[in-house]
Amino acid sequence: MKYAFRTFRKEFVDSVRERRAIASAVLLGPLFGPALFGGMFAMMLNIQIDEATEPLDVPIIGGADAINLKGHLGQRLIDVDPERFEDLAALREAVRRGDEKVGLVVDAGFADALRDGAPARVWIVVDRSNATALTALERVRAAVAEYGSTIGMQRLQLRGIDPRIARPFAVLTDDVSTPSGRSVVLLGMMTYFLLFAMMLGGLQVAIDTTAGERERGSLEPLLTLPVRRRDLVVGKVATAVAFMAVSLALGIAAFATTVQFLPLAKIGMTTNLTPAACLAIFAALVPFAILGAGLLTLVASFTRSFREAQTYTSFAMIVPPLPVLLTFLNPLQPSAPLMLVPSLSQHLLVTAIIKGQETAPEHFLLSAAATVTVGVLCTWGAVRRFRSEKLLV
Amino acid sequence: MIEIRGLAKRFGKVQALAEASFTAADGEITGLLGPNGAGKSTALRILCTILRADAGTASVDGIDTVDDPLGVRARIGVLPHNANLYANLTARENIGYYAALQGMDAEACDTAVERVVKTLGMEDIGDRRAKGFSQGQRIRVGLARALVHDPRTLILDEPTNGLDVMATRALRDVIRARRDAGCCVLLSSHVMQEVGALCDRIVILSRGRVVAAGTPDQIRAATGRDDLEDAFVQAIGQDAEATDW
């Protein structure tokens with residue numbers, strides 16, 4: 001292993017001096033996630049806070065027949081403006097274009113129906129494919145329904161009936177989530193970004209030390225030295241691992257810093273990204289560097305040039321974090337068998353840490369052991385490749 | 001001492017080497033001469049343990065390349081064809097990496113690096129990064145890398161390729177000095193004058209076979225030509241005429 005260390009030392013110095021490798025390990029990988037995260041958070045904040053509390057401007061058609069309804073909506077900070085659209089077609093087109101989030105259409109027979117005690121029809125025009133319109137839709141719908149139920153109760157009272165008879169259920173929601181638990185909705189994506197940052201951090205190094213070395217013509221003389229191929233490969237993989245670990249540490253630090261500046265409390269979230277939690281997240285994720293470095297080195301060792309290596313390794317980049325995406329479709333709880341699935345196990349551990357839940361030490365160990373095993377297998381595959389004469393010819 | 005016996009190697013449909021046999025003795029410069037595609041590089045790569053022969057054996061100082069590849073690699077210094085350096089490392093770091101992988105500890109590395117830097121007159125470029133080195137500077141550092149562990153056997157594949165006259169002369173001096181120190185030097189070239197000016201013995205390869213071997217005088221005598229180049233053309237026979245331009 002003396003020679004593996006010497007190879008590592010040289011590859012590390014070489015890569016540190018390579019601007020491309022440093023840029024992707026120190027800047028691109030670690031900052032990409034937090035930047036995107038910050039952007040998405042700002043969007044969510046807009047939708048959840050502004051949309052729910054800011055005055056909402058809603059064009060209306062036929063509003064002259066519904067003075068009281070307009071008054072009620074006005075109390076709910078929903079300003080209805082009857083002048084803007086001549087007919088339904090123009091309003092629908094404006095909503096479709098996204099110029100208006102929602103529009104309100106009062107049926108021509110609204111006043112008559114209301115007087116006769118028949119359902120008076122009101123349409124809300126909305127484009128459900130416009131995600132930013134959904135909050136507005138809910139606000140308008142709730143305000144109209146609220147007004148409707150007020151009228152209904154008054155009608156019952158006028159007839160001497162207790163209005164409560166029309167409300168057989170009282171449905172309440174008991175939210176048992178904690179503020180830090182709710183933050184998982186947002187921070188759950190953090191694992192994906194951190195895994196991606198790691199892969200990006202080791203990518204250039206893995207390519208440079210294999211396909212790059214071959215393309216430059218420095219591989220052949222290297223192979224004539226009295227060093228086992230195993231030691232060469234281990235040294236190269238170790239370099240990529242070091243870069244990935246640095247990317248991971250920087251990525252976590254960038255997340256923890258970003259979160260400090262986001263008003264999470266405004267949407268009912270808190271995060272416990274304390275230094276201790278950050279260390280735990282690092283410990284949970286760092287075994288993945290061995291898998292990633294082994295996999296990238298294995299894939300890159302089968303290619304003949306930097307360009308070819310970039311093509312194939314970009315596939316290899318996408319695959320490992322995929323199990324994390326699975327959990328967006330189907331939330332899972334940490335369990336021993338799931339700890340055997342690399343990247344998924346890391347995600348479950350990190351999620352538990354963010355939630356402030358107790359994490360079982362044996363889960364940590366299982367996750368690390370399974371992930372490192374896959375990494376060692378990949379590295380062994382790369383060693384076999386380096387032993388083959390096809391590496392050069 | 002290099003011994004090649006009945007070496008054969010095929011890449012797909014191309015028979016790169018077919019029953020090639022020759023030796024290179026200590027204290028001599030042996031030139032492996034042949035047109036492009038004759039099998040020179042393949043033979044040298046098998047000798048360096050990078051390729052495996054389909055048949056035949058190759059050995060250095062009696063050590064077989066298949067039985068003990070690490071033993072062979074420890075005894076040889078190699079300058080492959082078109083070998084390149086690590087552009088981000090200085091000349092000294094490039095050489096030092098090879099010294100470290102030859103098994104030297106830090107102190108021995110420094111001593112050995114300084115020795116070859118001095119021998120090859122590279123004090124001026126020693127601490128410059130290899131990015132931007134000329135072909136001559138690259139080959140000098142490559143040669144220094146090959147010599148840093150003071151090997152008994154030196155294997156050079158087309159070492160003068162792309163070198164100017166002065167650099168070529170300097171390289172020849174280094175090679176002769178190794179010979180005079182009792183080392184075994186095997187170099188390949190497709191340039192007749194190169195081999196004629198430098199080598200004590202010549203092995204002419206054509207289509208993967210040895211078609212002539214001996215001192216320049218012996219080859220001239222055997223082919224009946226006074227001029228070495230004519231002798232070379234005579235030796236490789238139809239191959240030269242069949243070369244498709």
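The contact between the two chains takes 19 residues from chain A and 25 residues from chain B, where two residues are in contact if their C-beta atoms, placed from the backbone, lie within 7 Å. On the side of chain A that touches chain B, the elements giving two or more residues are α1 (2-16) and α10 (219-223) of chain A. Helices (H or I, at least four residues) and strands (E, at least two) are DSSP runs, numbered from the N terminus. The largest share of this side, four residues, comes from α1(A). By type, the residues on the side of chain A that touches chain B divide into eight nonpolar, three polar and eight charged; Ala, Val, Leu, Ile, Met, Phe, Trp, Tyr, Cys and Pro count as nonpolar, Asp, Glu, Lys and Arg as charged, and the others, Gly among them, as polar.

This is a predicted model, in which local features need pLDDT of at least 70 and side-chain atom pairs count only at pLDDT 80 or more, whereas totals for chains, interfaces and linings use all residues. Residues are numbered from 1 along each chain as its sequence is written, while chains are lettered from A and ligands numbered from 1 in the order in which they are written.

The largest nonpolar core has 148 residues, and those with the most contacts inside it are A:Val241, B:Ala144 and B:Ile204. Such a core is a set of buried Ala, Val, Leu, Ile, Met, Phe, Trp, Tyr and Cys residues joined through C-beta atoms within 7 Å. A residue is buried if 20 or more other C-beta atoms lie within 10 Å of its own, exposed if 12 or fewer, and partly exposed in between. Helix α11 (residues 229-261) of chain A gives the most to this core, with 16 residues. Not counting residues up to four places away in sequence, A:Val241 touches A:Ala289, A:Ile290 and A:Ala293.

Helix α11(A) also packs against helix α12 (residues 275-285) of chain A, at an angle of about 145° and with the axes 10 Å apart. Axes are lines fitted to C-alpha atoms, for helices over the stretch in contact, and angles run from 0 to 180 degrees between N-to-C directions. A:Leu248, A:Ala249, A:Ile252 and A:Ala256 of α11(A) meet A:Cys278, A:Ile281, A:Phe282 and A:Leu285 of α12(A). The residues of this contact divide into eight nonpolar, no polar and no charged.

In chain B, an open sheet of four strands has the order β2-β1-β4-β5, with antiparallel pairing; two strands pair if DSSP finds at least two bridges between them. Strands β2 and β5 (63-64) of chain B stand at the edges, each with a single partner strand, so one side of each is left without a neighbour in the sheet. Seven bridges join β1 (residues 2-11) to the antiparallel β2 (residues 14-24) of chain B. Within this pair, B:Ile2 stands opposite B:Ala24, and B:Glu3 stands opposite B:Thr23. The two strands form a hairpin with two residues between them, and B:Gly12 in the turn has a positive phi of about 60°. Helix α1 (residues 40-47) of chain B lies across β1, β2 and β4 (55-60) of chain B, running at about 115° to β1(B).
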